[in-house]
Amino acid sequence: FPVTITRTVDDIGLDEFSLVIPNNLPVNVKVATNAIVEGARLSTYSFDKYKKEKKTKFASLTIISNQKISDAISKASIVSEGVLHTRSIANLPLNNE
């Protein structure tokens, strides 16, 4: 779900977009927030260290909920940054310094 949204937003060329998490969601709101943040961030990954043109601008995501989700957003951001760093290291050639 988040992957489809972020790719569509990128294709359309939007600078920002919002998602509303409804109260009657059949899963925990924090779990849903975590999935949205991680999915959105991980779907934007591209190993571009050796490319001349690098994509540096990504759409800004706002998540709207009536519950406190800032901790879930922070945790998901940290986890996804760790995953992206690991992916980048795994994509480097063995002789990279």
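Which residues of strand β1 make up its covered face, and which its uncovered one? In β1 (residues 16-20), F17 and L19 are on the covered face, while E16, S18 and V20 are on the uncovered face. Please keep in mind that this is a predicted model: local features need pLDDT of at least 70, side-chain atom pairs count only at pLDDT 80 or more, and totals for chains, interfaces and linings use all residues. Residues are numbered from 1 along each chain as its sequence is written, and side-chain values use heavy atoms, with hydrogens and water left out.

**Strands**
- β1 and β2 (residues 60-64) run parallel and are joined by 5 bridges; two strands pair if DSSP finds at least two bridges between them.
- Opposite V20 stands I64 of β2.
- Helices (H or I, at least four residues) and strands (E, at least two) are DSSP runs, numbered from the N terminus.

**Nonpolar core**
- The largest nonpolar core has 11 residues: I5, V9, F17, L19, I21, V29, I36, V37, I63, I69 and A76.
- At least two residues of this core come from each of α1 (2-12), β1 and α2 (29-43), with α2 giving the largest share, 3 residues.
- Such a core is a set of buried Ala, Val, Leu, Ile, Met, Phe, Trp, Tyr and Cys residues joined through side-chain atoms within 4.5 Å.
- Setting aside residues up to four places away in sequence, V9 touches L14, F17 and A59, where contact means heavy atoms within 4.5 Å.

- T33 lies in helix α2 and counts as buried because its relative accessibility is 0%.
- A polar atom of the T33 side chain lies 2.8 Å from the backbone oxygen of V29.
- Beyond its neighbours within four places in sequence, T33 is in contact with I21, I63, I69, A72 and I73.
- I78, in helix α3, counts as exposed because its relative accessibility is 63%.
- Buried means under 20% relative accessible area, exposed over 50%, and partly exposed in between (1.4 Å probe, protein chains only).

**Largest pocket**
- The lining of the largest pocket has 30 residues, and A40, R41, T44, F58 and A59 lie nearest its centre.
- α1 supplies the largest share of this lining, 5 residues.
- A pocket is an open set of points on a 1 Å grid over the protein atoms alone, where a 1.4 Å probe fits, with protein on both sides within 12 Å along at least five of seven lines; lining residues have an atom within 4 Å of a point.

Key
Polar contact = N/O pair within 3.5 Å; in protein donor to acceptor, adjacent residues only side chain to side chain.
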